[in-house]
Amino acid sequence: MLLSSTVNPAEIINQLFPNLWVFIAHIIATIILLILLSKWVYNPFRKAMRARRQKIQEMITDAADKQTKATIKEKTALEMLTTAKVDASSIISEARAEAEAKKHNLLDETKKEIVHLNEQARKELAKEKEQYQDDIRKAIINTAFDAAQHLLEKEINKEKHQKIIEDFIDNLN
């Protein structure tokens, strides 16, 4: 109310559009400016933005491909790790079995060696026993022969006398 009473609408229009030709020149200048800005700034900016968008899209695609490859390699690595663990476990089991078999073989060989040494010792003992018995027999024969020779005080055929003594000793056993 206050505004309508103080300002005339024709003055407002005159203040907004002071001169029609100046207004048209402003419009044309603005259009030319928009065309030039569009040609020199906006279109290169749009091209740059498209190129940038395309490059970002390529980078995203590349990153996705690399992520996929990394995931595949990770799965492969996990499979290889699992396989390696299974192989290692198998190798350890085989090594333990082989060591156990070698242990049993060594124990068996040692037992056989002990039995062999015992047999050999028994044979040597038997042989020595036989040798000592033979030595004792000869000593007894010689002693008996000497004693008989002293008792009879005559010449005795040594071979006959030895035969008689050996028969006597054999009958004692």
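The protein has four helices and zero strands, with helices (H or I, at least four residues) and strands (E, at least two) taken as DSSP runs numbered from the N terminus. Its radius of gyration is 65 Å, well over the 16 Å that the globule rule gives for 173 residues, so it is more spread out than a compact globule; the radius is taken over C-alpha atoms, and the rule is 2.2 Å times the number of residues to the power 0.38. This is a predicted model, where local features need pLDDT of at least 70, side-chain atom pairs count only at pLDDT 80 or more, and totals for chains, interfaces and linings use all residues. Residues are numbered from 1 along each chain as its sequence is written, and side-chain values use heavy atoms, with hydrogens and water left out.

**Overall dimensions**
- Along the principal axes, the C-alpha trace spans about 195 × 40 × 20 Å.

**Arg46 and Asp135**
- Arg46 sits in helix H3 (residues 20-152) and, at 37% relative accessibility, is partly exposed.
- Asp135 is also in helix H3, and its 35% relative accessibility makes it partly exposed.
- Asp135 and Ala84 are 51 residues apart along the chain, and their C-alpha atoms are separated by 74 Å.

Note on methods. Buried < 20%, exposed > 50% of the residue type's maximum accessible area, 1.4 Å probe, protein only.
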